[in-house]
Amino acid sequence: MALVDRRFFALLAIALFAVLGLILPQGARSLVIQMMIFSVFAMGYDVCLGLTNQCSLGHSIFFGVGAYGAILAIVHLKAGVLTSLAGGVGSGLVFAVLVGIVCVRLSEAYFVIVTAIISAVFHLLAMDLTWLTGGDDGLSVSVPPFALPGVTLSLYQPLVNYYFVLFFLAAAYLLLERIVRAPLGKIFVSIRENEKRVRFLGYDVLRYKLIAFVLSAGLGSLAGALYGLTLRYASADYFSFYWSVLPVVWCLVGGLGTLAGPWIGAVLMSLFQYYVSAWFTYYLLLFGILVLVILKVSRKGILGYILERGGR
Amino acid sequence: MSDWLLNVLFLLINGLVWGLIIALISLGLSLIFGVMGIVNMAHGDLYMVGAVLGFSLFPFLGNFWLALLVVPVIVALIAAPMERFILRPYEGYHAVTMIATVGISFILQQAALAWYGGVPKKMVDPWPVTFHFLGVDYAGYRFLIAAVSIVILAAIWLFLYRTPYGVLIRASIQDRDMASAMGIDVNKVLIATFVLGSVLAAVGGVLAAPVTQVSYLMGNDVALLAFIVVIIGGLGSLEGTLVAALGLCSLEGVMACILSPTQSRAAIFVVMVAILMVRPRGLFGGAER
Amino acid sequence: MTADGEMLLEIVDVSRRFGGLAAVDGVSTAVRKGEIRGVIGPNGAGKTTLFNVITGELRPSSGRIFLKGEEITGLPPHAICRKGLGRTFQLTFVFPEMTVFDSVWVGVYGTMKAGGLFFSRADSLRGVKERTEEICGLVGLGERMNDLASNLSYGDQKVLEIAMALSTGPSLLLLDEPTQGVGPKEADTIVKLIECLSKSMSILLIEHDMDIIMRLCHNLTVLSFGRVIAEGSCEVIGSNDEVQRLYLGEST
C-alpha cells in the first residue's frame, strides 16, 4: 500500500492504542477508552454521511438503544457481557431498519429533519418512561465477569476493559474496510457522487441507502453498548440531540469518507471536552464556536486534507 | 353544556391559540427553508431569545406593546449579521450550513444560560383580565395572543401576496435561479427572508412568554413542534404550515385531557410518520415524479 | 445498417403535463431493432422531457410505453434500465470523485450479477473487470481508466457518459446531445463511436447538428411544442416544408 493511505493511518492508530493501553496512567487510560468508543461511533456515522451523503441527525437513537439494550439485558435477563453486547447491537439494528424504512426515502432536507424529530421523540420517551430507563437519573448495573477459553475476565479490570473496547474498534474497522473494498463500497460512493445517475445504472438506490444507514446505525449501537458496559450506566441523556451532533462534528473535523479520519475528530473533541469543561462552565458555548471555526477552515477535515496532499 | 364538553372546548381553544403562535414560528422556518434551502436548527433558539428579551425588557419598558416592537428590532440586528457572515459563505452546501446553525444554537443557548440563568421563570401577565365564556373563565391575555397573531399572519400574507417585495420572495421560493436570472438581487432577498423568519420566531417568543415558562432550553421543545408542523404541512408551503400548525396544536390540546403531554407528543409524531409514508413531501409539499 | 428489424420501443399517445403546460403532447412513435432514430426540433420542443418520460424519470400524464413488447409505463428508472435501456444526459452527469474505471464498473457489476456484494474484493471480480476494460477501450478511454472523472476534459467526460450508458448492456441507447459543446475533432470521434455502437444496439439520438443527424440517422422524428409534426426518413424530412419553416424561423 502507498505510504499515504488511509489504511496506514488506521493500522497505525490501532497499534498506537494498543501500546498506550499498557503505558498510560489510569485516568488517561479511561479517557482513551472513551476515545476508542467514540471512534467506533464516528466511523459508523461516516458510512452514512461520508460514504452515501445521508446527513442523519438522529444517530443518538442508536447510541442510546445500544447502551440500554446492553444494560437492560443485564438487569432483566441477567445476561453476560457478550450477550448483552449482542443485545445492544441487535436492538440497534432493529430500530435502524424501522427508522431507515421511514427516512431513507425522504429527500435531503426532510431526511435531516425527520431523523432529528425521531431522535427527539426517543429522548422524550426515554425521559418519560422512568420505570424502564431510569429517566435522566439512569440505570446503574454491575457487570458480571465473562469467560473466554481458558480464562475468566472482568470488565472491572481496567486493562481488560481497555483491550475489550480496542478489540471491537479494530474488528469494526476491518469489517468496514472489507466492505468498502467490496462492490458495496463502490456502490455507496457512486450514490454519494451522483445518486440520480446510479438509478439509471439499474440500481434500486433506496435499498443501498438503507443498507448504509443500518450498517452505520449498527456501529452506533455497538458504540452505545460499549459505552454502557464501560460506564456500567445508561441514562436517557444518551438519546439527547448532543449525541446526534457529536458524530457529525467528529467526521467533519477528522475527514469525511475516510473511515479512519473521524477517529481523529473523536480524539480531538474528547481532549477538548475533557480539558475545557474543567475550567469553563459554558463549555458548550466554546463547542458551538469551535464548530463554526472548523467549518470555516476545512470542509474536508484533517485526514481528508492530508490524503489530498499526499495522493491516495 | 356538560362539563366534559366544556373542558374539551376549553382545551381546543387553548390549542388553537397556541397553534397560532406555533404557526408564526413555523412560518418563519418554512420561509427560511423555502427561499434559502436551509434547515435552521437555531430557529427554536431565536424563539427563546424573543421570550427572554421580552421577559427582561417588559419591566424595563413597562409596556408590553413596546416590548413587542423593540424585540423584533433587536433580533433583526442579531439575525442579519448571522446570515451575512456565518450562513452566506456556505451557500449551496446545505449540510454544512445546517451544522453551522447547530453551532449557533449552542452559542445562543449558552449565552442565554449565562445571562438569564438556568432557572425557568414565569412572566407577569400583561393583561390580567378574565372573560366569562359559556360558564368558563378564560384569560384575556390569550385573546390578545390570538388577536396579535392573526394580525401578524394577515400582514405577512398581504406582504407576500400583495407587495412587489413579497412577490420577489415567493418567486425565489419557486425557483431561485430563475429569480436571479430575472435580475432580482438574490442576496437582499436572502437576508430579508432570514431576518423575517427569525423575527417571526422571536415575536412568537414574546407572545408566548407570559403563558409559558421562560428558560434557556424552551426553544428545543418548540423547535421540535415547529419542525413536525413544517414536515406535515410541506417544507416551503405557507398554506400547509398554517393548516398543520392549527390542526396539530388543537389536536394535541384536546388529547391533553386523556393523554399525558409526552404521550400526545408521541401521538402527533405517529401522525407525522403516517403522513410521510404516504406523501414523503408532506401534505402540501412539492409533487413527486 | 438497415432499420427493418422488429419493434423495440413503442410509444403510444404519451403526454406529460406540468400544471397547464403539456411539455410532451400525444407523442406516438416506434423504434425498430437496428435503427438509429434522430429526434430533432427547436429548443423547448420537449425532446429531453420525452427522454425523461421514456427512461422513467418522469411518469407520463397519459399514454403507454413498451420496450421489447413489455410495458414499462410508470416503472422506476432502475427497473427500466434493467430491461435494456441506457441513456446519457445533456449536461455531463458523472461521478466526479470516482475513476473512469470505477464509473463504468458500477454499471457493469449491477448488470452482471457477479455476487459477492459485501465481502468479495471488488477489483478481483474478473468478469466484471474484463468487461469494464472492454467498454473503456471501446470508447477510447482505455488509457485514462485511472483518472478521476472530474479531471477529464469536457470531451472525454462526454465520452465517459456514453461508456456509463453502455455499462448496463442496453438494447436501446438514448443519447441526449452527445456532441454538444465539443470541438469538431472530438465530435467526429463520438460520431464514429455511435456508428460502431449501432451495429449492436438501436439508438435514439437528440442532436442539433444537422450534418451529424444526416450522417447517422435512418429516420427522424421532428418535435415542436411537444408534438410530433413530422416523421420519416432523412430525405423525406429534409424536403418537408413545415420542418423547413421550423428551422428557418429558428436560429439553431
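## The largest nonpolar core

The largest nonpolar core comprises 278 residues, and those with the most contacts inside it are Val40(A), Ile228(B) and Ala163(C). A nonpolar core is a set of buried Ala, Val, Leu, Ile, Met, Phe, Trp, Tyr and Cys residues joined through C-beta atoms within 7 Å. The greatest contribution to this core, 16 residues, comes from helix H10 (residues 205–231) of chain A. At least three residues are drawn from each of domain 1 (1–84 + 172–183 + 201–252) and domain 2 (93–169) of chain C; domain bounds come from an automatic or database domain assignment.

Ala163(C) touches Val104(C), Ile135(C), Cys136(C), Val139(C) and Leu141(C), leaving aside residues up to four places away in sequence. Contact requires C-beta atoms, placed from the backbone, to lie within 7 Å.

## Basis of the model

This is a predicted model: local features need pLDDT of at least 70, side-chain atom pairs count only at pLDDT 80 or more, and totals for chains, interfaces and linings use all residues. Residues are numbered from 1 along each chain as its sequence is written, while chains are lettered from A and ligands numbered from 1 in the order in which they are written.

## Helix H7 of chain A

The buried residues of H7(A) include Phe164(A), Val165(A), Phe168(A) and Leu169(A). A residue is buried if 20 or more other C-beta atoms lie within 10 Å of its own, exposed if 12 or fewer, and partly exposed in between, with C-beta atoms placed from the backbone. Their cover includes helix H1 (6–23), helix H2 (26–52), helix H8 (183–193) and H10 of chain A.

## Chain B

Chain B contains 11 helices and four strands; helices (H or I, at least four residues) and strands (E, at least two) are DSSP runs, numbered from the N terminus. Buried residues make up 46% of its 289 residues. Along its principal axes, the C-alpha trace of chain B spans about 60 × 50 × 35 Å.

Methods:
Contact = placed C-beta atoms within 7 Å.
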